[in-house]
Amino acid sequence: MDAGGTVTRAVVATLSGQPVGRACAAGSNPNVHGPERAAEELASAVAGALGQAGARERGAVAACTVGLAGASALADPRVRARLEEALARVGLPPERCVFTGDDEAAFAAGTPAADGTVLVAGTGAIASRIEGRRRVRSADGMGWLIGDEGSAFWIGHQAARETARQLSRGTALSPLARLVAKQVIPGQRPAEGSDRRPEEHARAFARTLAAGPPIELARLAPLVTQAFHQGDPACTVIVDAAAGHLAHSVHQVRSRGDRLPVVMAGGVLLGSEPVRAALTRKLALGAAGAPVLTAGSTAGGAAWLAALRTGACPDDTELHSALTEPEPGGRTDAA
């Protein structure tokens with residue numbers, strides 16, 4: 001399972017790498033959504049994938065790995081117990097399940113190697129050094145309130161701030177501000193000659209955003225990519241700053257001269273070519289010679305880790321490739 005902040009993906013696969021069931025649910029990061037909702041979304045995704053696989057396969061599951069965004073919440077035994085109860089209810093008892101960070105599953109989705117670096121930039125953002133397929137050091141991953149710089153939330157927040165600034169000026173909106181305003185407050189642009197002051201319109205925009213969950217700002221991130229391709233200079237600034245923050249996180253967890261692979265994962269890096277290109281250029285400055293890889297199916301990466309627990313050979317690149325092949329239709333989370 002790849003249990004992220006925006007979407008939860010589950011895959012059931014055979015030990016030959018053949019997927020027999022897939023399902024998705026909403027985000028299940030317990031730090032963002034709370035343990036109750038996280039548990040229900042995890043259970044929903046598992047139930048869907050096992051249901052697709054069939055009743056016989058449900059009883060034959062040998063191992064399960066849950067790559068969980070917000071895995072730090074598991075330090076609270078009540079949170080762990082709630083998630084385990086939900087999984088047990090749909091057919092996965094605790095003795096078959098191992099929780100890891102979503103960064104560990106993402107690294108496994110990009111390479112069968114045991115050591116290297118992974119950068120996950122989706123709703124949130126974290127860079128981790130991986131040794132023996134476990135995180136030994138990380139940078140950022142602090143959540144939307146004080147961290148996750150370069151993430152979809154961070155990018156969406158910058159887009160919202162830029163839109164508010166332009167609305168308060170009362171001048172023509174840039175491509176980015178038009179897209180954001182249309183999504184947040186459709187049809188509420190003051191008409192020409194209106195006696196409503198521009199700053200009041202900007203405050204109405206801010207109130208609308210504040211009325212929803214803060215993490216919803218991540219849904220504005222794809223608009224930055226769209227407006228970037230329309231030549232909006234503000235988007236160039238946002239994209240370059242996001243890539244700079246992400247590159248800094250990567251450099252924080254790598255050693256000088258490190259030539260181990262760097263795996264890029266998450267909706268921002270897989271869905272936004274401008275951010276990915278800018279990041280790749282910045283990584284080349286401090287990680288020259290290290291292979292930069294793109295993660296495949298992150299739920300498949302978790303399945304690879306589960307397969308290793310059943311005795312699969314760590315050098316079986318064919319099995320790894322089969323399990324981590326990108327999912328049909330590609331990713332749909334914040335980009």
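Leaving aside its neighbours within four places in sequence, which residues is Leu 269 in contact with? The model I am showing is a predicted one, and in it the list reads Leu 119, Ala 121, Leu 246, Met 264, Val 275, Arg 276 and Leu 279.

The largest nonpolar core has 47 residues. Leu 269 is among those with the most contacts inside this core, together with Ile 155, Leu 176, Val 180, Val 224, Leu 246 and Leu 279. Helix H10, residues 233–253, gives the most to this core, namely nine residues. There is also a second, separate core, with 29 residues, including Ala 3, Ala 10, Ala 45 and Val 46. As background, nonpolar side chains tend to be buried together in soluble globular proteins.

Now the sheet. Five strands form an open sheet with mixed pairing, and their order is S8-S7-S6-S9-S10. The edges are S8 and strand S10, residues 292–294, each of which pairs on one side only. From one strand to the next, the twist averages 25°.

At the S8 end, strand S7, residues 125–131, runs antiparallel to strand S8, residues 134–140, and six bridges join the two. Two of the pairs can be named. Arg 129 has Arg 137 in S8 as its bridge partner, and Glu 131 is bridged to Arg 134 of S8.

The hairpin of S7 and S8 has two residues between the strands. Gly 132 takes a positive phi there, near 60°. Arg 133 lies in the loop between S7 and S8 as well, and has a positive phi of about 65° although it is not a glycine. For comparison, most residues other than glycine have a negative phi. Is Arg 133 buried or exposed? Its relative accessible area is 19%, and buried means under 20%, so Arg 133 is buried.

A second case of this kind is Asp 148, in the loop between S8 and H6. Asp 148 is not a glycine either, and its phi is positive, near 55°. With a relative accessible area of 8%, Asp 148 counts as buried.

H10 packs on it and touches S6, S7 and S8, with its direction at about 135° to that of S8. Why does Ser 249 count as buried? Because its relative accessibility is 6%. Apart from neighbours within four places in sequence, Ser 249 is in contact with Ala 127, Ala 139 and Asp 140.

Helix H5, residues 102–110, lies across S6, S7, S8, S9 and S10. The angle between H5 and S6 is about 115°.

Last, H10 and its helix partner. Helix H6, residues 152–169, packs with H10 at an angle of about 150°, and the axes are 10 Å apart. That angle is why H6 is described as roughly antiparallel to H10. The crossing of H6 past H10 is right-handed. On the H6 side, the contact is made by Trp 154, Ile 155, Gln 158, Ala 159 and Glu 162. On the H10 side, the residues are Ala 234, Ile 238, Ala 241, Ala 242 and His 245. Ile 155 has come up already, as one of the residues with the most contacts inside the largest core.

Note on methods
Residues numbered from 1 in each chain as written. Predicted model: local features only at pLDDT ≥ 70, side-chain atom pairs only at ≥ 80, totals over all residues. Heavy atoms only, no water. Pairing = 2+ DSSP bridges. Helix = DSSP H or I, 4+ residues; strand = E, 2+ residues; numbered from the N terminus. Core = buried A, V, L, I, M, F, W, Y, C linked by side-chain atoms within 4.5 Å. Buried < 20%, exposed > 50% of the residue type's maximum accessible area, 1.4 Å probe, protein only. Contact = heavy atoms within 4.5 Å. Axes fitted to C-alpha atoms, helices over the stretch in contact; angles between N-to-C directions. Parallel < 35°, antiparallel > 145°, perpendicular 65-115°, else oblique. Left-handed = near helix turned anticlockwise from the far one by under 90°.
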